[in-house]
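Please consult the sequence and the model while reading.

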Amino acid sequence: MLQVCSKTKSNISNKIGRCRYLTSSYKMKYYFLVTFFISINGNEYFVSVKKLQEIANNVNTATNSTWQAAIPGPIWSTDGSDVNFKPLLGAFDPAQAPQVLWDHDDEANNCKENGLPKCFDAREHWPECASVIGHVYDQGNCGSCWAIAPASVVSDRVCIESKGKITSLYSIQQLLSCCHECKVKSDKLNGCEGGWPSPAWAYIKTTGLSTGGDYGSKQGCQPYLIEHCDHHLDVPVYASCSSQPDVRASKCEDHCNNTSYKKSFKEDRIKVEKYYKISPCAAQNEIHKYGSIAALFTIYEDFPTYKSGIYQHITGKKIGLHIIRVIGWGEEKGIPYWLAVNSWNKHWGEKGYVKILRGSNDVRFEDNLSAGRPKMH
């Protein structure tokens with residue numbers, strides 16, 4: 001388990017940057033969608049291994065760096081071609097999401113600290129749910145982070161609310177295949193091309209999620225159907241993602257695709273009674289009381305090279321948006337951080353985890369925080 005906090009104290013700016021989205025006319029929205037999907041399929045998502053090596057070296061030698069990068073090797077690109085980051089990401093710009101009615105939650109906007117510890121790890125606070133909260137997913141060669149984050153937050157919170165009696169993982173596959181509002185409506189696009197997490201929350205509230213474990217796990221009603229691959233590692237474990245064919249989400253099914261699972265699809269589902277945005281100043285209170293939250297942020301070219309330490313953007317261009325699950329916070333050498341679980345398997349970063357600079361809204365990490373409250377039977 002990662003060390004969550006060091007004993008070193010330091011004063012650091014706690015100013016949270018706020019993003020302000022400008023309202024757009026229909027034409028502007030149309031223009032954005034066209035250019036956005038051109039950029040998805042264009043060069044913006046491809047980076048040469050040589051450039052990534054330069055980025056990693058710059059991070060490791062920068063005097064202001066708070067983290068270490070892994071130097072890209074052959075596994076990053078098996079045939080020497082540019083690395084495609086598209087399957088690593090998958091979150092669309094929330095400003096362009098279909099309109100959903102977020103629920104209001106007073107606690108999610110309560111910025112008064114209630115005796116919070118300097119360090120917190122949800123796995124340690126709820127040890128009966130440590131295996132669920134600490135679970136690291138692998139999205140494979142699929143831009144499914146938008147589905148993984150909400151579904152995994154539900155899994156964590158159901159376990160916590162049940163006091164460890166329910167340790168099921170809830171189905172990413174169902175969201176990926178069935179949440180049509182989450183995706184841009186086009187016969188060429190599907191859940192693996194990306195999606196919006198806000199309508200995913202709405203889907204979980206109205207339709208509910210069945211259970212479903214990892215690829216090949218035979219756990220739950222609808223397990224994940226996309227196989228593991230190596231997300232730019234030093235040492236290969238699985239086949240590289242760049243060697244995998246493009247994948248598509250399977251057809252939406254209203255029954256369990258796991259024939260060995262005994263419950264029916266209908267009786268297996270769980271819903272959230274509310275879903276809501278969380279103010280940055282209230283995020284620690286929310287995690288401390290209810291469990292993990294989802295955070296959508298900007299990915300730059302240096303982020304995939306992360307190996308250890310507290311990530312903050314050092315160098316490289318913006319390549320897209322990503323969403324992960326935050327399970328705690330802490331300090332290391334006087335620098336505050338968020339403790340988060342990525343979805344690029346256990347062989348990336350700190351065994352699948354990443355620490356991200358807290359309190360300065362680096363990479364706009366504190367702009368788009370969300371969660372849902374499970375509706376327990």
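Lys205 and Asp103 form a salt bridge (a side-chain nitrogen of Lys or Arg within 4 Å of a carboxyl oxygen of Asp or Glu), their closest N and O atoms being 3.1 Å apart. This pair joins distant parts of the chain, 102 residues apart: Lys205 belongs to helix H7 (residues 197-206), and Asp103 to the loop between strand E3 (83-84) and strand E4 (120-121). Helices (H or I, at least four residues) and strands (E, at least two) are DSSP runs numbered from the N terminus. Lys205 counts as partly exposed because its relative accessibility is 30%; buried means under 20% relative accessible area, exposed over 50%, and partly exposed in between (1.4 Å probe, protein chains only).

The model is predicted: local features need pLDDT of at least 70, side-chain atom pairs count only at pLDDT 80 or more, and totals for chains, interfaces and linings use all residues. Residues are numbered from 1 along each chain as its sequence is written, and side-chain values use heavy atoms, leaving out hydrogens and water.

The structure holds eleven salt bridges, including those tabulated here.

| Salt bridge | Closest N to O |
|---|---|
| Lys205 and Asp103 | 3.1 Å |
| Glu350 and Lys355 | 3.9 Å |

Both Glu350 and Lys355 are buried. Salt bridges with shared partners also join Asp105, Lys274 and Arg373 into one network.
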